[in-house]
Structures are given as structure tokens and as C-alpha cells.
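Here's a quick briefing on a predicted model. Have a look at the structure first, then we'll go through the surface, the pocket and the charged pairs.

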Amino acid sequence: GGWNRGFIPSILWRFSNDAYYSIKNSSYNYYQYLSSGIQYYSILNRSSRDIFPKWGLGLVLKLNEVPFSNENYGYLFYSRLYAYMPGLFRNHGLKLDFAFQYQNYVGKNYLFYNIATSPRGYDQLYGKRFYSVSADYALPLYLGDIQIGTLAYLKRLQIIPFVDYAYNVGLRENKNMFSAGTDLLLDFNALNIPLGLSAGIRYARTAENKNYFQMLFNIPI
């Protein structure tokens, strides 16, 4: 009935010759990293004019730990829930994203980097707990099929305003983070190659009145 559903288990083990010091063993240990998780999604297939699916729901759960290093590292639990729904007008779409992360740090010496993504315009942090919510609103703007010789074929402009908020409980201080901005992406074909491309720019302004710019480039896979 047009729905695309999936259940994806995953496991990742990484070994590195980067080392950390073990006080208990009075030696340096190689860094190992183990991540396991599951993802479930149920998405209504979108039309070619849509940027986001009309309806959809997804859930991601992850557990990260460092094997053989209970002295230095605890574990990190991460959860994310996201949903798609129709916008105000035809082919518009809304995406809501919620994340929660908990890191066991009691009696440990080191923290993992946050898995949860900081609001756009902020750096990734370390944290014992992390909460975030974000909203993206997507609206396509048809350009009228502009042909620039054999160089490029311009199809549409994606306009995606967003707002992000997160609260990070760190080791020494807690931090509120808020940003708002817009993604502008141009959909095009280059050199008569049928593969569609998207390129553009992201602008975000943070609660500290800092401006953030990022170049964007997408290849559909």
C-alpha cells in the first residue's frame, strides 16, 4: 500500500592502536569500541515532488561500550524518535525529531563523545545526559525546468527552515543550545547525466547570536 517498513539490527566493533592509561594495571591499553543497536521505520513512499515523506515514524536505539575497560569507561545509551507528517500545503512536509542520551559515568575516568547530534551551529560535546528536539519544514519551489546548454538542468529549489533545541548535562557545566535557520538546496542534473544531484548552503543562528554557514551536497543512493 505504498508503505516502506524495515527492522535493522546492527553491531560494530572497532579496534585502534590509540591507547589510554589504566591506573589499575599501571599500563596503557589499546582502545576498543563496541556499538550495538536496532532501528525500526515505517515510511509512506513519497512522490517525486515531495521532499519529506507524507507520513512516517522511526525509532533508533543504541548501546555503546568499551570492552575490557570497566575501570575507565561506562556505557552510553542513545534513543531517537522521528516522525513525518504533511505540511500546510500540497507537497510540503514536517519532520519532528526527538533524542535522549544517557551515559553511565559513576566511578569512571572517561566519557564517550555524544552520539546525539548538537543543534546545527554547535560543536559536538561530551555529556552525562542529553535531550534534544528539532523541527524541519520542507517546501519545494519548482523552477520551470531551466536548461543551461549541456552544462546543467535545474529542476527545483528545496527550502527547509528548521529550529533545534538541546540540553546537555556535562561534567563541569550544563548547557542550553538553541539555533534556527534554513537549508537551501538546488536540485539539478549536470552534463546530461541522469543522476540527480543537490547542492546548496545551510545558515543557522545560535542563541549566542553567532552565524553559522555550511556547504551542502547530496548524491541520492
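A quick definition before the surface: a patch is made of residues with over 30% relative accessible area and no salt bridge, and nonpolar side chains are joined into one when they lie within 5 Å. With that in hand, here's what this predicted model has to show.

**Confidence**
- The chain averages a pLDDT of 91, with 100% of its residues at 70 or more.
- Strand β5 (residues 93–103) comes out highest with a mean of 97, while strand β1 (residues 3–22) is lowest at 89.

**Nonpolar surface patch**
- F7, I38, Y40, L57, L59, L81, F98, V133, V163, Y165 and F178 make up a nonpolar patch on the surface, and together they have about 940 Å² of accessible area.
- Two or more of the patch residues come from each of β2 (27–44), β3 (56–65) and β7.
- Y40, one of the patch members, sits in strand β2.

**Largest pocket**
- The volume of the largest pocket is about 1500 Å³.
- It has 49 lining residues, and I51, F52, Q158, I160 and N218 are the closest to its centre.
- By type, the lining splits into 24 nonpolar, 15 charged and ten polar residues.
- Strands giving at least two residues each to this lining include β4 (75–86), β6 (129–148) and β8 (174–190).

**Salt bridges**
- The count comes to five salt bridges.
- One pairs R120 with D136, with their closest N and O atoms 3.0 Å apart.
- R120 is in the loop between β5 and β6 and D136 is in strand β6, so this pair ties together parts 16 residues apart in sequence.

How values were computed:
Residues are numbered from 1 along each chain as its sequence is written. This is a predicted model: local features need pLDDT of at least 70, side-chain atom pairs count only at pLDDT 80 or more; totals for chains, interfaces and linings use all residues. Side-chain values use heavy atoms; hydrogens and water are left out. pLDDT is the predictor's confidence in each residue, from 0 to 100. Helices (H or I, at least four residues) and strands (E, at least two) are DSSP runs, numbered from the N terminus. On a 1 Å grid over the protein atoms alone, a cavity is a set of points where a 1.4 Å probe fits but cannot get out, and a pocket is an open set with protein on both sides within 12 Å along at least five of seven lines; lining residues have an atom within 4 Å of a point. Grid points are joined across faces, edges and corners, and a volume is the space filled by probe spheres set on the points. Ala, Val, Leu, Ile, Met, Phe, Trp, Tyr, Cys and Pro count as nonpolar, Asp, Glu, Lys and Arg as charged, and the others, Gly among them, as polar. Patches are made of residues with over 30% relative accessible area and no salt bridge: like charges are joined within 9 Å, nonpolar side chains (Val, Leu, Ile, Met, Phe, Trp, Tyr) within 5 Å. Accessible areas come from the Shrake-Rupley method with a 1.4 Å probe; for residues, only the protein chains shown count as cover. A salt bridge is a side-chain nitrogen of Lys or Arg within 4 Å of a carboxyl oxygen of Asp or Glu.
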